[in-house]
Every structure is written in structure tokens, then in C-alpha cells.
Amino acid sequence: MKPSYKNIETYRIIQDKPNDGVRVLYERYGKKFFNYAMKSWNLSDDEAWDIVYQTLYKIMNSISKYSFENEAKFRSFIFVLFCNGVNNYYNKKKRIRERFQTIPFNELLFDESGENPNLRTERLVQKQITEQQNTDDEDDSESTMTILLREVLDEMEPWERILLIQRSHVTPYKQISEYIDKPENQLKVYHQRLRKKLIDLLNNKIKANQKDQCKTKKIKT
Amino acid sequence: MQNEENKNMNELDDLLRKSSLSDEKLFKENAPLLERSVFNEEHNSIPFYQKGEKIVKKLEKEFSQPNKDFNHKKWWLIAATIVILAGLSFILSKIINNEPVYKEIATTTVTKSKVTLPDNTTVWLNKNSKLTFNQKFPKREVTLIGEAFFDVTKNPDSPFIINSGNAEIKVLGTSFNVKQTPEETEVTVVTGKVILAQKEKENQKTKLLKAGYKGVFQEQSNKIKSEPNTNKNFLAWKTNTLIFERTPFRDVIKAISEFYGKEIILNDQGVGNCTINSTYKDQSFEEVLNEFKLILNIEYNYQGNTVIITGEPC
């Protein structure tokens, strides 16, 4: 029979025997983290394992600096590290996209089109620059979108925000219903309506934002 | 139409999810319920189990050392005190007898050091290296095993001498890298001029190296070669930066293998000819490998401590 540890015991095991602690952490939390990351956040298995590794590493590395009064505090600590790991992962993914600009020299070398090599080089470099600019544009619009989304969410009722966000994490309606104190059988409809409401509000914000930008441009010119 | 709507909804959910993790207010509002969901997650039929086992083994290896440290902290403290006391009494006896006291600065497989010598010369010591010198520093002279970068302060009256294997490196004021192995000593000059010579004074062979050049002294034959330095990454260990400009992947692998001290096998079926054009600064080994995955069509996996890379030609 597998040993069963309480969370606070896990903490003690990590403190006293880090080697055993890794296995206990993995069995108790790592697998849950992995399944949650794949199921609720649509990550690939490689991505999910990367996050599990980072999270367990951070727990092992930083745990000696903390002490926990009870089981709940220890669980919250681990949970926050896990969420930070996912957030860092998203940010890092964006940074990698920004940092790389690889010119495909192999394309230059293995040219079978008979095109003038100098013109071909120029065309490929130009293509790279355009692609990079397009990526930059996407990144800009993504950050603007995030800001506008937060503004719209701020205008909503707390329970509406929670329902939208929890459903984006695929949290079951039953659990959400207990948390926001609304009848479970109505939540599906509320959620549908709220998504439409959110999209409408977001579109209005985007339009208003574009108008503001045009005004600024006109003033500049 | 329906597909388009679903796509929009998925994008909206994606945006909501990311915002809930990056925005403090949204996170606080949702954390208790999310926490409950994560810890209620079932994991009876976990797929890709092997990868999880690899993670555990890697972490166990990583954290096996602190285990000993933690349990035997007190004993380490006592042992360290004894060693320090013994060292002090040894130094005192040397001073009383007026014998030269040698100071030794050594790095381990994971540490690097920066040392300022009594004449204000700065030495950056790479991993697995050792620098020895007379503590009173009557002459500007040191002995090096391993690799170090020297920024020597100018003093026309007193040359700075580095003993490295059977080679001797003599300078007045300059900066350069010395890499010593049992087979050879390699000196790469960044600024100024350096004399690379055989230590044996009879029929002594010497070579004057200018900035941008590197000289290699071969221990067995006592021969000295010099040529322009073409390796952009000779100081990567100090700057933590690897630069590749149209570098064949095969050579990139050699450079990262040396830089990270990892054994890498490239199952080269053509991918070695692909070129990399990128700079890596302060990145971990895993991060660099994952970025290669993004640039080239490669996969990697671990066999023990060895990384096996396979890939398709570009």
C-alpha cells in the first residue's frame, strides 16, 4: 500500500529528507498539476510537464525559507507557485517569439529557382522583416486587448467576473454555484449571456479606443 | 459560421484565463475556487507517465546534496572550525619561520570566482580552476590550473607572470584569457600584447601575441602556434553569452556542450548542417534546447546524463 501523507507532513518530509520529498511532492501534487494544466489550460503534455518540473523545483528550492501554521497555508503556497509557473510560461512564450529572428540561410544555399542570388537574399530578408513586424503588431494588439478586457471586467458584478473566469478554467458549474451562491441549473444560461455581453462591451471599447487613436493621429498631423 | 463563433469563444476564454493569472485582483477573487479544483484533480490514469518519472529523478539528483547539508549542518560547522583553526596555525607558523605563504583560490564544478590581486590585477576564474600566488606578492607571479581571464594593471617595471603547465605567460599590462589543460595552454589576447613562452630557459621558445590573436603551447612537443582568434565564444564562460552567426548546428552543439558541461550526442542525419543565427544570454541549458526545438525540426531526450538530439535536415 502506498504511504499517505498529509500536506503538512509533506512539508516536514521535504525539510528533513529532500530526496524523499521530491517523490512525495510528485505523487501528491505533481500529477494533479499535470492533469489540471492539460485539461483546463489546453497545454500539450510537454508544456504541462515543463510547468510541473518548474513548480516542483521552486517548491524544493524555496521551502526552507517558510514555515506553515497549517495544512491550508501550505496548500495555498504550493498553488501560488504553480499559478506563477503557468503565468511565467505564457510570458516566456511571448518573449521567445519576440526575441528570435532567424534568417533561413539554408533557403539561400539551396536555391533551385534560378533567381538572382542577390535579389533572392534581399527578398528573403524583407520577408523576415515583414513577418517580424506582423508578430510585433499582434503582440501590441494582444496587450491592448488585455487592458480593455480588464476594464470591461471591472465594470461587471463580482459574481459575473468569477463565473466567466472560472468557466475559462473549466471549473464545474456545481463548484462555481456553491462559490457565488447562485442556482446551479441557471449558471449555464448566465454564462452564455455573459460571454455575449462581454464580447459586446469589448467591441464597444475597441471601437472607442480606435476612435481615440484616430483623433490623436489627426491632432499629430 | 459556427466554427468562427467557437474560435472567438475559445480566444476569449484564453484571454480570460491568462488575465486571471496575471492580474492581482482577478487572481485573488478566483484563487480559492481554482485552488480547490487543482487539488481535487483526479490522477488515476495519468498519461505520459515516463516523463513524470524523469522529472522526479532529475529533481532527486538536483536536491540530493542539500539533504546531507541539512542533516549534518552542525557537524559541518565543527569540521569547518577545525579546518580554519588548523589553517590559521599553519599560516602563523609559516610567518614566524618567514617562509612564503601561498594563497590558493579554487573553484568547484559549479562555482566561478572574481579575484583582485594585491597589485589590483583582476582575475576571473572559471569553474574547476585554481589560482596560486605568494600572499606577500613580492613578484607579480601566479600559477594557474584551469581557465581564467586576466585584466592586468600596467607596471612597466614589473612584468606579470603566469605559470601554466610548462608554459609561461609574461605581460606588462593587458587583458587576455588563459585556458590550461594537461595537453596545452591556450592564450587569447583581448587588449595589449602577451608573450607566450616555454618555461624551460634553455633553448626557450617564445611567441609575441597581439590583440585578436591566440597562441597555443603544446605540452608534449613544447611547440607554440599562433593564429587569429575566430572563436567568438572564447569568453562565453565569463560573459554568460553565446553568440552564433550562421554557425552550423553541429558546431553549436559542441559550443553548448562545453559551455554547460553536458554530454550531447547529435544523431546527425543532416540537421548538423542547418545554421543557427542567434544569441543566448543567461539562459539555462533546457531553455536553449527548447529554443533549438523552435528553430529547427529537432527532438531531444535524456539517456542518463547524456542528451540525445535527433533531427531532420533543413
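Tutor: Helices (H or I, at least four residues) and strands (E, at least two) are DSSP runs, numbered from the N terminus. This is a predicted model, in which local features need pLDDT of at least 70, side-chain atom pairs count only at pLDDT 80 or more, and totals for chains, interfaces and linings use all residues. Residues are numbered from 1 along each chain as its sequence is written, and chains are lettered from A in the order in which they are written.

Student: Is Q220(B) buried or exposed?

Tutor: Q220(B) sits in the loop between β13 (213–218) and β14 (224–228) of chain B. A residue is buried if 20 or more other C-beta atoms, placed from the backbone, lie within 10 Å of its own, exposed if 12 or fewer, and partly exposed in between. Because Q220(B) has 9 other C-beta atoms within 10 Å, this residue is exposed.

Student: Which helix gives the most to the side of chain A that touches chain B?

Tutor: Two residues are in contact if their C-beta atoms, placed from the backbone, lie within 7 Å. The contact takes 55 residues from chain A and 46 residues from chain B. With 13 residues, the helix that gives the most to the side of chain A that touches chain B is α2(A).

Student: How many residues has the largest nonpolar core?

Tutor: A nonpolar core is a set of buried Ala, Val, Leu, Ile, Met, Phe, Trp, Tyr and Cys residues joined through C-beta atoms within 7 Å. Those with the most contacts inside the largest one include F33(A) and L56(A), and its size is 31 residues.

Student: Which residue of chain B is in contact with L56(A)?

Tutor: Neighbours within four places in sequence are left aside here.
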